[in-house]
Amino acid sequence: MIELPIRDPCDLCVAGREERWKIIDESEHTLTVINPWQFEVGQCCVITRRHVATLLDLSDQECGAIMGSAKRVAEALVRTYRPLGILTFQNNGVFSGQETPHFHFHVVPRQTGSDWGIGPPQLATFDGAGRKRGTSHDPSGDAQRRERVQASAKQLAETADLIRSNLPVSSGVGLH
C-alpha cells in the first residue's frame, strides 16, 4: 500500500478558488495552474478537479485529460520561455516525495543554472544540469530555498497571464 501524505484541508482541492493558484487553463477534468513556488520561472501544475491521491486512482478519462493539458501548457511554455528542456514529473506516495495527497502533474521549463533543491532535477548529473556526479542532496537548505522561490501574487498573475497568452489555439482540451 502506498503511504500518502496527510494534509487537511487539501490545498489543491481549493486551488481554483484561492488567489495564489492562478489558473492558466482548464478542462472538464483538470485545472492547469501556476505553481506558487517558482523553482523555475513558469513552473506549472496540472491538477485533477476530482480529489484523487495518485496515478493509480485516476480514471482513463482523467489520464487522457491530464496529458492533453500538460502538452498544451508545455507548448505555451516553449513559446513563452524558449527553455532548454521541459521537465514533467509526478509523485505517488510520501516515499516518492509527494507532499499533497491530491494528484498533480508538474510541467516545468528548464534553463541553465536552475535553483532546484528538491525533486527529480536533483538526480540529474549530466553536464550543465546543475549537479555534479557523486554529490548527494543536502536537504538542510530546502526551507530557505522554498521561501526564496515563493513568488508574489503580482508575479504569479503576470506569469500566468504571459503563459496563458501563449496557449495554442484550443484543440478541444481546454475550456478557456
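**View 1. Cys45, a buried cysteine.** Cys45 has a relative accessible area of 2% and is buried (buried means under 20% relative accessible area, exposed over 50%, and partly exposed in between, with a 1.4 Å probe and protein chains only). This is a predicted model, in which local features need pLDDT of at least 70, side-chain atom pairs count only at pLDDT 80 or more, and totals for chains, interfaces and linings use all residues. Residues are numbered from 1 along each chain as its sequence is written, and side-chain values use heavy atoms, with hydrogens and water left out.

View 2. Cys10 takes part in no disulfide, as its nearest cysteine sulfur belongs to Cys13 and sits 3.8 Å away. With 10% relative accessibility, Cys10 is buried. For Cys45, also in no disulfide, the nearest cysteine sulfur is that of Cys44, at 7.7 Å.

**View 3. Trp21 and Trp37, the one aromatic pair.** Look here for the one aromatic pair that the structure holds (rings of Phe, Tyr and Trp, the last by its six-membered ring, pair if their centres lie within 6.5 Å; planes under 30 degrees apart are stacked, over 60 edge-to-face, and the rest tilted).

**View 4. Where the two tryptophans sit.** The pair links distant parts of the chain, 16 residues apart: Trp21 lies in the segment before β1 (23-26), and Trp37 in the loop between β2 (30-34) and β3 (44-48) (strands are DSSP runs of E, at least two residues, numbered from the N terminus). Trp21 is buried at 6% relative accessible area, and Trp37 counts as buried at 19%.

Terms used:
Helix = DSSP H or I, 4+ residues; strand = E, 2+ residues; numbered from the N terminus. Disulfide = S-S within 2.5 Å.
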